Amino acid sequence: MVPLNAYLILAASIFAIGLIGFMTRRSIIMMLLCVELMLNAVNITLISLSHYMQDFMGQVIALLIIANAGAGMATGLALLINAYRLKKTVKIDLFKDMRG
């Protein structure tokens, strides 16, 4: 059986990779993928703790996060496609004029 610490280290590593990718990338698509990576790291943590504590609530919350992330990704991609039609690029630096 894999110990709980291994899952937590894995989740922390994936979260760190997602955070570094989000902070360093300028492409909106890569930023969305990094957010998904961070959400999956949270899901790994919730599921591993749920399994360790013999409680299904963490798994239920992980399913809700997956559904919410899917809806968020669909919305983000729809906004990105619309923005790409206007600007012909997916670089975040060129969208500064969208600020209010």
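Colleague: Which helix is serine 50 found in?

Modeller: Serine 50 belongs to helix α2, which covers residues 28-53. Keep in mind that this is a predicted model.

Colleague: Is serine 50 buried or exposed?

Modeller: Serine 50 has a relative accessible area of 5%, and the cut-off for buried is under 20%, so serine 50 counts as buried.

Colleague: What does serine 50 touch, leaving out residues up to four places away in sequence?

Modeller: With those left out, serine 50 touches Asp55, Phe56, Met57, Gly58 and Gln59.

Colleague: And how many Å is serine 50 from leucine 33, C-alpha to C-alpha?

Modeller: The two C-alpha atoms are 25 Å apart, for a sequence separation of 17 residues.

Colleague: Other residue. Where is isoleucine 9?

Modeller: Isoleucine 9 sits in helix α1, residues 4-24.

Colleague: Buried or exposed, that isoleucine 9?

Modeller: Isoleucine 9 counts as exposed because its relative accessibility is 55%, and exposed means over 50%.

Colleague: How far apart in space are isoleucine 9 and leucine 86?

Modeller: Their C-alpha atoms are 42 Å apart, and 77 residues separate isoleucine 9 from leucine 86 in sequence.

Colleague: Let's zoom out. What secondary structure does the protein chain have?

Modeller: The protein chain has 3 helices and 0 strands. Read from the N terminus, the order is α-α-α.

Colleague: Which residues does UniProt annotate as "transmembrane region"?

Modeller: The unreviewed UniProt entry gives residues 6-23, 30-50 and 56-81 that annotation. For residues 56-81 the helix share is 96%, with 38 Å between the end C-alpha atoms.

Colleague: What about overall dimensions? What is the radius of gyration of the protein chain?

Modeller: The protein chain has a radius of gyration of 17 Å, whereas a compact globule of 100 residues would be near 13 Å. Along the principal axes, the C-alpha atoms fill a box of roughly 50 × 25 × 20 Å.

Colleague: How many of the 100 residues count as buried, in percent?

Modeller: The buried share is 24%. The protein chain exposes about 7200 Å², and carbon and sulfur atoms supply 71% of that area.

Definitions and conventions: Residues are numbered from 1 along each chain as its sequence is written. This is a predicted model: local features need pLDDT of at least 70, side-chain atom pairs count only at pLDDT 80 or more; totals for chains, interfaces and linings use all residues. Side-chain values use heavy atoms; hydrogens and water are left out. Helices (H or I, at least four residues) and strands (E, at least two) are DSSP runs, numbered from the N terminus. The radius of gyration is taken over C-alpha atoms; the globule rule is 2.2 Å times the number of residues to the power 0.38. Buried means under 20% relative accessible area, exposed over 50%, partly exposed in between (1.4 Å probe, protein chains only). Accessible areas come from the Shrake-Rupley method with a 1.4 Å probe; for residues, only the protein chains shown count as cover. UniProt positions are given in the numbering used here, feature names are shortened, and annotations may be inferred rather than shown by experiment. Contact means heavy atoms within 4.5 Å.
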